[in-house]
Amino acid sequence: MSKVGSDAGAVDADDRASRRPIGIPDKTTPLKDLELAARETFFPDDPFRPFKNQPRSRRLQLGLNYIFPPLQWLRSYKLSYLKDDIIAGLTIGSLCIPQDIGYSKLAGLPPIYGLFTSFVPPLIYALLGVSREIAIGPVAVVSILLGTLASHQLPVPTLATKKCDTTSLKFINDACTQYRESYLALIFTATFFAGIFQAALGLLRLGFIIDFLSHAAIIGFMAGAAVTIALQQLKGMLGISTASFTRKTDIVSVLRSVFQHVDEWSWRTALLGLFFLGFLLLSKFIGKKNKKLFWIPAIAPLTSVILSTLFVLVTHLDKHGVAIVGKIDGKINPSSVGRFVFHGEILKKALRVGFESALIALTEGIAIGRTFASFNNYQIDGNKEMIAFGTMNIVGSCTSCYVATGSFSRSAVNYNAGCKTPIANVVMSIMVLVVLAVATPLFHNTPNCILASIIINAVLTLIDIPAAITVFKVDKLDFISLLAAFLGVLFISVEIGLLIAVCLSVANILLQVTRPHTAVLGRIPNTSIFRNVEQYPDSSRIPGILIVRIDSAIYFSNANYIRERILRWLDDENDEIKKENGIPFQFLIIEMSPVTNIDTTGILSLEDLLKTLQKRKVHLAFANPGTKVIHKLNDAGFVQAVGNDWFFLTVGEAVEVCRRHITFGHESTTPHVQPFSVESKEPHMRS
């Protein structure tokens, strides 16, 4: 490095001629910026693109296709598709019927309401939904969440007997009957509001909100909910009555309740339940080993119900302590509009229950739809799906259904069965309709322990241990979120676990925003490429020059941290240089490529950095700031304060210019840089 003139604050003509100046494009109007921001926030998928430059008739057709997707795919529907859809529909129908009866109990409802929820919502989704593979109906996690929230919001009144049970049609006194009616009113009203929330999020293009639940937090929440649901089934596996069992979901309360009711344990019930649980697990194992045998685990639950029911009929085990489902009123979805309550305490409780249920139902349903869509190489419009989910739950709430969404286990079976279109959901609905119309008496003698074993078998798929191990290996902070959500559900409650999952997901975002990554850059040998010295240890430092990259936008939340972190880099690196008796830093180059935006606080922070560096006789330079950033820096007068010539297109250009301006003292290795002045070009931010 050669010594140059004493004025390090100016760039000579040769330097200017040897590089391309940084570009400051023409500014757009504030209205245009607002329009761009709104478009990227609410319409990132550009849903109106197909409508551009189209005649009115074509726009009408495209609009109808968007609202009703069957109008699009029915035109290319083949007869061979119908066979596949019928097979898939019958397969998931045989799976959903026994699951629905069990899931309704998780929601604190009589068995018939689970079947209701697998009849109407799938039909609405088939008309409005985009996913071809998703199977709609009640799911375990939403059922337990809905039931837990509703029971907490509406505790059993003291006038009701201890045997008061919302899952049974038998009630002991008038207070219990009245409580059941209030409970149903809360469930249906909450389902209505869940649909309103879901549809509103879609119509307002606010689908990005559900992305605030991180994948790791969802894994932890789902696993915790799965363990909670499985533990809840101990009452069915051991023969403990629902009325006497705790309504809490944490592991301590559940296990305490199990051992407090040892007198109700039935060895016949436990033996029967364990036998069929083993049968279900074996069927699942066979299906995993051979994908062509997917139908075995699909029909295993219904097979278990049929065999166990016949066994009870023959042996009369119901008279020896084995609890059975009992009478199920055979009727098709009655209207529940008259049960809606839009006033008083029920309304407040329904709003809360509906919102939380809507959030989890959307997260699970859209995640499932996108997963299977990626397998078949097509896109899912998240906002359109929200409208479909919302509409089906609004209609469902009016027809005695509770919150429905996509089921992962049924969707996987639907996919493996070769479904081609949502007609598989229609076939499933027709199958449920037949059961509602003529077959509900057949479930009278079905043992409750079989339903418990079916639920345990189903929820085990929600525990994704390989995914948790991957999260642990990749990101320890994400794993903490996963573990906290899991333990929150397991040891506190489902709703607290959900709250922890949301809070930790948001906290993770805030942590990344408030403490962004910064890196010291060095030159890759024999190149003009500059990269992180920690990632590339063989990269060389430039004597007298510190190069720092900021890997984030600079906002009020992180501006001070970034300034302090840069100064700390400067101090730490200078300390190392002093130990080696090297050249202290005379130039600081900030690589701005990753900085997508900067606010006024960020600019003030850079001003403070500039003044601090002046006092330390260190010159400041910037490399490749983006369009938004350079515009704001220029408008604030910061570009003029630093000097236009100290904004470079690349780090390499900045390094070459700075190297030519490094000076050396005669009595020591400490260099001297004449400080540049910004007094006459003071930025106007502080005024």
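Select Leu546 and Leu588 first: Leu546 stands opposite Leu588 in β6. The model is predicted; local features need pLDDT of at least 70, side-chain atom pairs count only at pLDDT 80 or more, and totals for chains, interfaces and linings use all residues. Numbering starts from 1 along each chain as its sequence is written, and side-chain values use heavy atoms, with hydrogens and water left out.

**Stop 1: the strands around β6**

Show residues 545-550 and 587-591. These are strands β5 and β6, which run parallel and are joined by 5 bridges. Strands count as paired if DSSP finds at least two bridges between them. Elements are DSSP runs numbered from the N terminus: helices are H or I with at least four residues, strands are E with at least two.

Now colour β6 by accessibility. Of its 5 residues, 5 are buried. Buried means under 20% relative accessible area, exposed means over 50%, and partly exposed lies in between (1.4 Å probe, protein chains only). Which residues of β6 sit on each side? Phe587, Ile589 and Glu591 take one side, and Leu588 and Ile590 the other; both faces are covered.

Next, bring in the helices. Helix α23 (residues 559-579) sits in a right-handed β-α-β unit with β5 and β6. Helix α24 (residues 600-615) belongs to another such right-handed unit, made with β6 and β7. To check the hand, point the strands away from you: in a right-handed crossover, the path from the first strand over the helix to the second runs clockwise.

**Stop 2: the cysteines**

Select Cys164 and Cys176. A disulfide joins them, S to S 2.1 Å. The criterion is a pair of cysteine sulfur atoms within 2.5 Å, and the structure holds 1 disulfide. The link is right-handed, with 100° about the S-S bond. Cys164 lies in the loop between α8 and α9 (174-203) and Cys176 in helix α9, so the pair ties together parts 12 residues apart in sequence. Both cysteines of the pair are buried.

Then jump to Cys503. This residue is partly exposed, with a relative accessible area of 44%. Cys658 is buried, at 0%.

**Stop 3: the largest cavity**

Select Tyr103, Glu364, Phe408 and Leu462, which are among the residues lining the largest cavity. Its space is about 100 Å³. α8 (140-153), α17 (408-416) and α19 (448-459) are the elements that give two or more residues to this lining. By class, the lining has 8 nonpolar, 3 polar and 1 charged residues. Here Ala, Val, Leu, Ile, Met, Phe, Trp, Tyr, Cys and Pro count as nonpolar, Asp, Glu, Lys and Arg as charged, and the others, Gly among them, as polar.

The search uses a 1 Å grid over the protein atoms alone: in a cavity a 1.4 Å probe fits but cannot get out, a pocket is an open set with protein on both sides within 12 Å along at least five of seven lines, and lining residues have an atom within 4 Å of a point. The count is 4 cavities of 30 Å³ or more.

**Stop 4: the second largest pocket**

Select Asn65, Pro69, Gln72, Val130 and Gln379. Of the 28 lining residues of the second largest pocket, these are the closest to its centre. The pocket volume is about 910 Å³. Volumes are the space filled by probe spheres set on grid points, which are joined across faces, edges and corners.

Highlight α3 (56-67) and α4 (70-73): each supplies at least two lining residues. The largest share, 4 residues, comes from α3. The lining divides into 13 nonpolar, 6 polar and 9 charged residues.
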